[in-house]
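Dear colleague,

Please find below the structure that I am handing over to you.

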Amino acid sequence: MVDELNKTIDVAARDPSWYGIDNRELESRRRWTITTRTQVGDVKKSVVARKENGNSESAMCLELMKLPISHKSDRSYQDSAEDNDDFIVSESDRQMLLIKQQDEELDELSASVERIRGVGLTIHKELLAQEKIIDDLGTEMDSTTNRLDFVQKKVAMIMKKASAKGQIMMILFLLVLFIILFILVFLT
């Protein structure tokens, strides 16, 4: 746990303003973790030494319950412990808030993906409808092309059968018809 607190302090040291602490506070927390690590080491040594000496369990419990001698007063030790507890609670709250924000962002992203999916399906349907329209247009174009070829062949046969005089008469007739249609369409 002390190592995890030390890692947390190192993370907070990267950007202290983000966590709302200053360098003095960081140093105070580092000193507390060093002191605590020393105390835990002393307790472990004491337990190992008592086991090797064969002391009774009650004597070991009494020894473990003693507070180790610290360079600081008991009051400052308690204050730094309370500060560290506050820091841990604050970090826990920040992490929970961050997780909540990430969940909200994921919900928004999910909704956006659903909207994009709906748009994609609509585009797909529209493309299928347009493909059908284009296929129908292609079929009509083939039919019209066949009819036009048939009419052109008929006209060619009529032109071959008609003499030069007949062709001139047909050209004049079509020219008069064109002029009449032109007058009707553009001048009225």
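Ala-12 counts as buried because its relative accessibility is 1%, against a cut-off of under 20%. Please bear in mind that this is a predicted model. Ala-12 is found in helix α1, which covers residues 2–14. Leaving aside neighbours within four places in sequence, Ala-12 is in contact with Tyr-19, Ile-21, Leu-26 and Phe-87. Between the C-alpha atoms of Ala-12 and Asp-22 there are 9.7 Å in space, for a separation of 10 residues in sequence.

**The nonpolar core**

Which residues form the largest nonpolar core? Ala-12 belongs to this set of six, together with Ile-9, Tyr-19, Ile-21, Leu-26 and Phe-87. Leu-26, for its part, touches Ile-9, Ala-12, Ala-13, Pro-16 and Ile-21, not counting residues up to four places away in sequence. As general background, nonpolar side chains in soluble globular proteins tend to be buried together.

**The largest pocket**

The largest pocket has a volume of about 200 Å³. Its lining consists of Trp-18, Tyr-19, Glu-91, Arg-94, Gln-95, Leu-97, Leu-98 and Gln-101. Where does the largest share of the lining come from? Helix α5 provides that share, with six residues. Helices α2 (16–19) and α5 (74–161) each supply at least two residues of the lining. By residue type, the lining divides into four nonpolar, two polar and two charged residues.

**The chain as a whole**

The protein chain has six helices and zero strands, and its pattern along the sequence reads α-α-α-α-α-α. Of the 188 residues in the protein chain, 12% are buried. The accessible surface of the chain comes to about 15,900 Å², and carbon and sulfur atoms account for 63% of that area. Among contacts in the chain with a separation of 6 or more, 60% are between residues 24 or more positions apart.

Yours sincerely

Note on methods: Residues numbered from 1 in each chain as written. Predicted model: local features only at pLDDT ≥ 70, side-chain atom pairs only at ≥ 80, totals over all residues. Heavy atoms only, no water. 1 Å grid on protein atoms, 1.4 Å probe; cavity = no way out; pocket = protein on both sides within 12 Å on 5 of 7 lines; lining within 4 Å. Points joined across faces, edges and corners; volume = space filled by probe spheres on them. Helix = DSSP H or I, 4+ residues; strand = E, 2+ residues; numbered from the N terminus. Nonpolar A, V, L, I, M, F, W, Y, C, P; charged D, E, K, R; others polar. Core = buried A, V, L, I, M, F, W, Y, C linked by side-chain atoms within 4.5 Å. Buried < 20%, exposed > 50% of the residue type's maximum accessible area, 1.4 Å probe, protein only. Contact = heavy atoms within 4.5 Å. Areas by Shrake-Rupley, 256 points an atom, 1.4 Å probe, with all protein chains shown as cover.
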